[in-house]
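Reader: I have a model open and want to learn how to read its features. Please take me through them one at a time.

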Amino acid sequence: MWETNSIMRVNDVHQILVGKTVLVVEDDPDSLEIAVTLLEFHQMHILTATNGKLALEAIAQTTPDFIISDLSMPEMSGWDLINQLKADRRTMDIPVIALTAHAMNGDRQKAIAAGFHNYLIKPLNPESFIADLVSVISDVLV
């Protein structure tokens with residue numbers, strides 16, 4: 001069981017995520033595969049991109065319910081992606097979760113100040129990824 005605002009059962013978590021569209025922006029193939037596999041289990045519609053530039057192209061085609069984005073990527077970083085998303089009226093309200101291996105003191109606050117909805121740390125832990133994700137995004141998905 002996981003705690004967000006209250007104790008949530010697996011069925012509750014599933015109901016929050018089922019049918020939602022998420023864009024996962026990640027250049028590491030292993031992290032991308034873990035995220036996609038776990039999200040697919042909850043019957044989500046999943047879009048993927050390996051950098052911010054490809055993410056913007058995907059968003060132009062389909063507006064996701066939320067985005068999970070790595071911060072350090074080639075071509076266009078997650079930092080540049082959040083700046084572009086927040087500057088565009090069509091995308092400024094899409095919740096974006098920062099995903100990074102750079103978990104230094106103050107990084108979460110820096111990410112939120114930049115416009116990210118919240119922050120998750122890599123490497124992704126298959127046992128806790130969905131619970132962690134729901135705990136940082138449930139306020140906009142419920």
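Reader: Where does Pro 123 lie?

Author: Pro 123 sits in the loop between strand 7 and helix 6. Keep in mind that this is a predicted model.

Reader: What kind of peptide bond joins Lys 122 and Pro 123?

Author: Start with the general idea. Most residues other than glycine have a negative phi, and most peptide bonds are trans. Here, the bond between Lys 122 and Pro 123 is cis. Its omega is about 5°.

Reader: Which residues other than glycine have a positive phi?

Author: Gln 43 is one of them, with phi near 55°. Glu 75 is another, at about 70°. Gln 43 belongs to the loop between helix 2 and strand 4 (45–49). Glu 75 is in the loop between strand 5 and helix 4.

Reader: How accessible is Gln 43, and how accessible is Glu 75?

Author: Gln 43 has 49% relative accessibility and counts as partly exposed. The cut-off for exposed is over 50%. Glu 75 has 64%, so the label there is exposed.

Reader: Now salt bridges. How many are there?

Author: The general idea comes first. Side chains of opposite charge can pair when their charged atoms come close. In this model the count is 4 salt bridges.

Reader: Which residue pairs with Lys 122, and at what distance?

Author: Lys 122 pairs with Glu 26, at 3.1 Å from N to O. Lys 122 is in the loop between strand 7 (118–121) and helix 6 (129–141), and Glu 26 is in the loop between strand 3 (21–25) and helix 2 (29–41), so the pair ties together parts 96 residues apart in sequence.

Reader: Is Lys 122 buried or exposed? And Glu 26, buried or exposed?

Author: Lys 122 is buried, at 13% relative accessibility. Glu 26 is buried too, at 0%. Buried means under 20%.

Reader: Which residue forms a salt bridge with Lys 53?

Author: Glu 75 does, with the closest N and O atoms 3.6 Å apart. This pair also links distant parts of the chain. Lys 53 is in helix 3 (residues 52–61), and Glu 75 is in the loop between strand 5 (66–70) and helix 4 (78–87). They are 22 residues apart. Lys 53 is partly exposed, with a relative accessible area of 41%. Glu 75, as noted, counts as exposed at 64%.

Reader: What is the N to O distance between Asp 88 and Arg 90?

Author: It is 2.7 Å, and their side chains meet in a salt bridge. Arg 90 is exposed, with a relative accessible area of 69%.

Reader: What lies 2.8 Å from the backbone oxygen of Glu 33?

Author: A polar atom of the side chain of Thr 37 does. Thr 37 lies in helix 2. Thr 37 is partly exposed, with a relative accessible area of 45%.

Reader: Next, distance along the chain against distance in space. How far apart are Thr 37 and Pro 126?

Author: Read two values for each pair. Thr 37 and Pro 126 are 89 residues apart in sequence. In space, C-alpha to C-alpha, they are 9.4 Å apart.

Reader: Which residue is 121 residues along the chain from Ile 16?

Author: Ile 137 is, and their C-alpha atoms are separated by 9.8 Å. Ile 16 is found in helix 1 (residues 10–17). Ile 16 is buried, with a relative accessible area of 10%.

Reader: Where is Arg 108, and how far is its C-alpha atom from that of Ala 98?

Author: Arg 108 is in helix 5 (residues 107–114). The C-alpha atoms of Arg 108 and Ala 98 are separated by 8.6 Å. Along the chain, Arg 108 and Ala 98 are 10 residues apart. Arg 108 counts as partly exposed, at 38% relative accessibility.

Definitions and conventions. Residues are numbered from 1 along each chain as its sequence is written. This is a predicted model: local features need pLDDT of at least 70, side-chain atom pairs count only at pLDDT 80 or more; totals for chains, interfaces and linings use all residues. Side-chain values use heavy atoms; hydrogens and water are left out. Helices (H or I, at least four residues) and strands (E, at least two) are DSSP runs, numbered from the N terminus. Buried means under 20% relative accessible area, exposed over 50%, partly exposed in between (1.4 Å probe, protein chains only). A polar contact is a pair of N or O atoms within 3.5 Å; within protein, one must be able to donate a hydrogen and the other to accept it, and residues adjacent in sequence count only if both atoms are side-chain atoms.
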